[in-house]
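Thanks for coming. I have one structure to go through today, so please look at the screen.

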Amino acid sequence: MRFSFLRSVVGLLSLLVFTTVLLQAQNFRGGINGTVTDPSGAVVPGATVEVVSTETGVTWKAVTSSAGEFEFQGMPIGKFVVTVTSAGFKTEKIQDVPVSAGTIYTLPVKLSITATAQTVEVSASALALDTTSTVQTTDIPSETVQDVPMNGRDFTQMIAVIPGYAGYSGGGYGSVNGTRPDM
């Protein structure tokens, strides 16, 4: 009798341990993970990933890591809509992403670059370029000539301080704004 009692206790404990292990192995949740990349295949860090349950409307949000990765764990079974946004990229929306019990769905997301509009306005009144004359001149007022701290106030030395001058100032050989020096 003692042996049969001990046998039933051991059997009951074995059944309890085996049932506990089986219950822990069953998982009624799943997950979604993935990597966000740009058209060249480079990862996109800091992108916002939003997952919405199509059945309940519950929303989960995450931001991609420095490696462009995101992960949602412990999600209920069902279908989800995944939306990925990042500055400079078009918003990517993936419909019907499945989550199954005990599995993690891997979702690679490739963002495309958004078109940027740039407007450049040019006003004709702001242009101070004389396109009707071939003469290039620079007038130096006489007061400026008198105040220049140069030896002898030679005009050939003064030409070297004019904006656009390139070359040797002694003797006046050089060019102003790309003109030839021997003209």
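Which residues touch the most other members in the largest nonpolar core? Before I answer, note that this is a predicted model. The core in question has 20 residues, and those touching the most other members are Ile-32, Val-36, Val-82, Val-84 and Val-109. Several strands give two or more residues to this core: E1 (29-37), E2 (48-53), E4 (69-76), E5 (78-85) and E6 (92-99). As background, nonpolar side chains in soluble globular proteins tend to be buried together.

Take Val-36 as an example. Setting aside neighbours within four places in sequence, Val-36 is in contact with residues including Val-84, Val-109, Phe-70 and Leu-111. Ala-42, Val-43, Val-44 and Ala-47 are also among its contacts, as are Thr-64 and Gly-68.

Next, the charged pair. How many salt bridges does the structure hold? There is one. Lys-61 pairs with Glu-50, and their closest N and O atoms are 3.5 Å apart. Lys-61 is in strand E3 (residues 59-63) and Glu-50 is in strand E2, so the pair ties together parts eleven residues apart in sequence. Lys-61 is exposed, at 60% relative accessible area, while Glu-50 is partly exposed, at 24%.

Last, Ile-140. This residue sits in the loop between strand E8 (109-110) and helix H2 (142-147). Is Ile-140 buried or partly exposed? Its relative accessibility is 35%, so it counts as partly exposed. Not counting residues up to four places away in sequence, Ile-140 touches Val-145, Met-158 and Ile-162. From Ile-140 to Ile-162 is 22 residues in sequence, and 9.4 Å in space between C-alpha atoms.

Terms used
Residues numbered from 1 in each chain as written. Predicted model: local features only at pLDDT ≥ 70, side-chain atom pairs only at ≥ 80, totals over all residues. Heavy atoms only, no water. Core = buried A, V, L, I, M, F, W, Y, C linked by side-chain atoms within 4.5 Å. Buried < 20%, exposed > 50% of the residue type's maximum accessible area, 1.4 Å probe, protein only. Helix = DSSP H or I, 4+ residues; strand = E, 2+ residues; numbered from the N terminus. Contact = heavy atoms within 4.5 Å. Salt bridge = Lys/Arg side-chain N within 4 Å of Asp/Glu carboxyl O.
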